[in-house]
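Here are my notes on the model, point by point. Please read them with the structure open.

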Amino acid sequence: MFGRPLLLKRPRGLTGAACRWHRSSLTAELIENMDKKATWDRFYQENMSKGEFRNFEWFFGFQSVRDFVLPLLQAPQSPHAVSRVLDLGCGTSALGPCIFRHSPGPVEVTCADISPVAVQLMQEQAKRSSVQPQNPSSSLDFLELDCTELHRHFLPRSLDLIVDKGTTDALLRSKEGHVKAGQILKQCLRVLKSSKSLVQFSDEDPDARMTWLEEQTLGPGELAADVLVQEVGTLRGVCYFCYQITTRAAA
Ligand SMILES: C[S@@+](CC[C@H](N)C(=O)[O-])C[C@H]1O[C@@H](n2cnc3c(N)ncnc32)[C@H](O)[C@@H]1O
């Protein structure tokens, strides 16, 4: 896939991974279609055709974000309660399986993606590796789901944490994905319990993402949320951020 590098101008806002993809056989037209299932099916099929399964990380992996994620799962008042976690647009990333594996408290992790190819690859890999979680009550599941329709699978106020690594970025950068990114954010706020968070890992500059997030969460009642940003670090000269969007406590 990563053939001889071409001299392409880096499109504004594209990550290192997306740029490598840009040099691949996939065309710029497909980059504009990162909100489409067919684009991702093709991407993961191309990855799969390389032979042995390897997790593909759009950008950094679990180790870089574990200190942002695991503390959000600790509930000192009820250490035995199972935390329900969603990896939104999981692709073939190891993030969801690593949360399952490393969470000291019990977690029920669902890795969801619109691409059935990615979901099948993840299911097969989980069967092959049969990783044991730190907490014996934890579970891991994979689901083909268009996350603009989270309500089809999750009840309102049922999740404790949603992680999104690169998925909202992909939608916001594609030609027609902006509306879908807003729909997904609203769905997340509906299915999260009160005072629980959606964390978006992204290379989008806070000037742009905070403005967008604040506009989206200005709504009344259940859509109101508090937004925080923290720097995660720099990878290949690109600075990454963690945007934490937390639902308000029920009045
Ligand atoms: C940039 S990749 C990130 C994948 C993974 N989170 C990672 O860190 O490598 C975006 C992912 O979002 C998925 N996706 C795009 N639109 C989606 C939607 N509406 N619902 C669920 N997943 C979606 C794609 O299939 C793709 O796997």
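1. Helices are DSSP runs of H or I with at least four residues, numbered from the N terminus. In that numbering, T168 is found in helix α7. The model is a predicted one.

2. Stay with T168. Is T168 buried or exposed? T168 is buried, because 28 other C-beta atoms lie within 10 Å and the cut-off for buried is 20 or more. Leaving aside residues up to four places away in sequence, T168 touches A181, I184, Q200 and S202. K180 is twelve residues from T168 in sequence, and their C-alpha atoms are 8.8 Å apart.

3. R173 also belongs to α7, which covers residues 167-173. Even so, R173 counts as buried, with 21 other C-beta atoms within 10 Å. M34 is 139 residues away from R173 in sequence, yet the C-alpha to C-alpha distance is 7.6 Å.

4. Next, α8. This helix spans residues 178-191 and includes G182. G182 counts as partly exposed because it has 17 C-beta neighbours inside 10 Å, and a buried residue needs 20 or more. G182 and L171 are eleven residues apart in sequence; in space, C-alpha to C-alpha, they are 9.4 Å apart.

5. Confidence should be kept in view. The mean pLDDT of the chain is 87, and 86% of the residues score at least 70. Residues 1-16 have a pLDDT below 50. In the model, that stretch still has 24 contacts beyond near neighbours in sequence. I would like the text to give both values for residues 1-16 together.

6. On the overall fold, the chain has nine helices and seven strands. It has 251 residues, of which 37% count as buried. Among contacts with a separation of 6 or more, 74% join residues 24 or more positions apart.

7. Helix α3 runs over residues 37-48. Its twelve residues reach 16 Å from first C-alpha to last, close to the 16 Å expected at 1.5 Å a residue. Which residues of α3 are buried? They are T39, W40, F43 and Y44. These four lie on the same side of α3, because they cover an arc of only 120° around the axis.

8. Helix α6 covers residues 116-129. It has 14 residues and reaches 20 Å between its first and last C-alpha, close to the 20 Å expected at 1.5 Å a residue. V117, A118, V119, L121 and M122 are buried in α6. What do the buried residues of α6 pack against? Their partners are α3, β2 (107-113) and β3. After α6 comes S130, with a positive phi near 35°.

9. R157 is not a glycine, yet its phi is near 55°. R157 sits in the loop between β3 (139-144) and β4 (159-165). With 14 C-beta neighbours inside 10 Å, R157 counts as partly exposed.

10. S195 is the other case. Its phi is positive, near 65°, in a residue other than glycine. Where is S195? S195 lies in strand β5, residues 192-202. S195 counts as exposed, because it has 12 C-beta neighbours inside 10 Å and the cut-off for exposed is 12 or fewer.

How values were computed:
Residues are numbered from 1 along each chain as its sequence is written. This is a predicted model: local features need pLDDT of at least 70, side-chain atom pairs count only at pLDDT 80 or more; totals for chains, interfaces and linings use all residues. Helices (H or I, at least four residues) and strands (E, at least two) are DSSP runs, numbered from the N terminus. The expected span of a helix is 1.5 Å times one less than its number of residues. The arc is that of the directions from the helix axis to the C-beta atoms. pLDDT is the predictor's confidence in each residue, from 0 to 100. Two residues are in contact if their C-beta atoms, placed from the backbone, lie within 7 Å.
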